[in-house]
Amino acid sequence: EAEKQDVSIVNASWDAFEAKNEAGYVARMADDVEVFRPDRANPEHGRADRKRFFKWAAGGIGSLSQTPLNAWGIGPFVIEEYSLAGVHSGVLTGAPPSGHALRLHYVDIDELKDGKIVRQWVYCNSMELLAETRQVAMAAPGARP
């Protein structure tokens with residue numbers, strides 16, 4: 001039952017994110033939440049960093065939607081596989097907004113304590129974001145540069 005509750009907390013956070021409800025998104029986070037991402041040298045710390053992430057994503061992806069593909073509660077952890085979709089309508093990378101459709105794929109591991117997300121490990125393919133925002137061209141498999 002506790003694992004189901006943890007999954008619902010993570011899902012409620014994403015529901016608020018998708019609705020562009022910053023307060024609802026960060027309400028599920030501990031004050032000192034840590035977020036580890038492979039495209040960042042250092043972890044993000046605290047709700048202020050989560051608010052900056054929210055503004056970056058909400059400002060750069062119009063018509064944003066999060067689609068959960070799988071979610072599992074395991075002890076104090078929630079593992080979720082999902083995609084984000086929308087339109088490249090703001091600054092996400094060094095490329096100007098393209099107006100092109102985006103679909104980005106993620107796997108998160110969230111650690112929860114006392115009903116709050118205290119730690120996240122976010123796994124994504126940074127090259128996918130760069131390709132989707134037209135900053136780099138993705139070659140076909142087997143193609144030579």
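Predicted model: local features only at pLDDT ≥ 70, side-chain atom pairs only at ≥ 80, totals over all residues.
Which residues is Ser65 in contact with, leaving aside its neighbours within four places in sequence?

**Entry 1: Ser65**

Residues are numbered from 1 along each chain as its sequence is written, and side-chain values use heavy atoms, with hydrogens and water left out.

I looked up Ser65 and found Glu18, Ser83, Leu84 and Ala85 as its contacts beyond four places in sequence; contact here means heavy atoms within 4.5 Å. Ser65 sits in strand S3, residues 61–74. Helices (H or I, at least four residues) and strands (E, at least two) are DSSP runs, numbered from the N terminus. I recorded Ser65 as partly exposed, at 24% relative accessibility. The classes are buried (under 20% relative accessible area), exposed (over 50%) and partly exposed (in between), with a 1.4 Å probe and protein chains only. Val33 is 32 residues from Ser65 along the chain, and their C-alpha atoms are separated by 23 Å.

**Entry 2: His88**

Is His88 buried or exposed? His88 is buried, with a relative accessible area of 1%. Leaving aside neighbours within four places in sequence, I listed its contacts as Gly60, Ala95, Pro96, Pro97, Ser98, Gly99, His100, Leu102 and Thr133. The C-alpha atom of His88 is separated by 22 Å from that of Pro38, 50 residues apart along the chain.

**Entry 3: the nonpolar core**

I then examined the largest nonpolar core, which has 28 residues. Such a core is a set of buried Ala, Val, Leu, Ile, Met, Phe, Trp, Tyr and Cys residues joined through side-chain atoms within 4.5 Å. Which members of the core touch the most other members? They are Val10, Trp14, Phe17, Tyr25, Tyr106, Leu112 and Ile117. At least two residues of this core come from each of H1, H2, strand S1 (29–36), helix H3 (46–60), S3, S4, S5 and S6. H1 supplies the largest share, six residues. In soluble globular proteins, nonpolar side chains tend to be buried together.

For Ile117 I noted that, not counting residues up to four places away in sequence, it touches Val10, Ser13, Arg28, Met29, Ala30, Val33, Asp110, Glu111 and Leu112.

**Entry 4: Gln120**

I looked up Gln120 in strand S6 and found it buried, at a relative accessible area of 5%. Its side chain makes a polar contact with the side chain of Asp110 at 2.7 Å. A polar contact is a pair of N or O atoms within 3.5 Å; within protein, one must be able to donate a hydrogen and the other to accept it, and residues adjacent in sequence count only if both atoms are side-chain atoms. Beyond four places in sequence, Gln120 is in contact with Met29, Glu34, Val35, Phe36, Arg50, Ile109 and Asp110.

**Entry 5: salt bridges**

How many salt bridges does the structure hold? I recorded nine, each being a side-chain nitrogen of Lys or Arg within 4 Å of a carboxyl oxygen of Asp or Glu. Side chains of opposite charge can pair when their charged atoms come close.

Glu111 and Arg119 form one of them, at 2.6 Å from N to O. Glu111 counts as buried at 19%, whereas Arg119 is partly exposed at 26%. I also found that salt bridges with shared partners join Arg37, Asp39, Arg40, Glu44 and Arg50 into one network. Within it, the Arg50 and Glu44 side chains meet at 2.3 Å, N to O. Arg50 is buried at 2% relative accessible area, and Glu44 is buried at 10%. The closest N and O atoms of Asp39 and Arg40 are 3.2 Å apart. Asp39 is partly exposed at 31%, as is Arg40 at 36%.

**Entry 6: positive phi**

Most residues other than glycine have a negative phi, and most peptide bonds are trans. I looked up two residues with positive values. Lys20 has a phi near 60° and lies in the loop between helix H1 (2–18) and helix H2 (22–27). I recorded Lys20 as partly exposed, at 41%. Asp114 has a phi of about 55° and lies in the loop between strand S5 (101–113) and strand S6 (116–124). Asp114 is exposed, with a relative accessible area of 74%.
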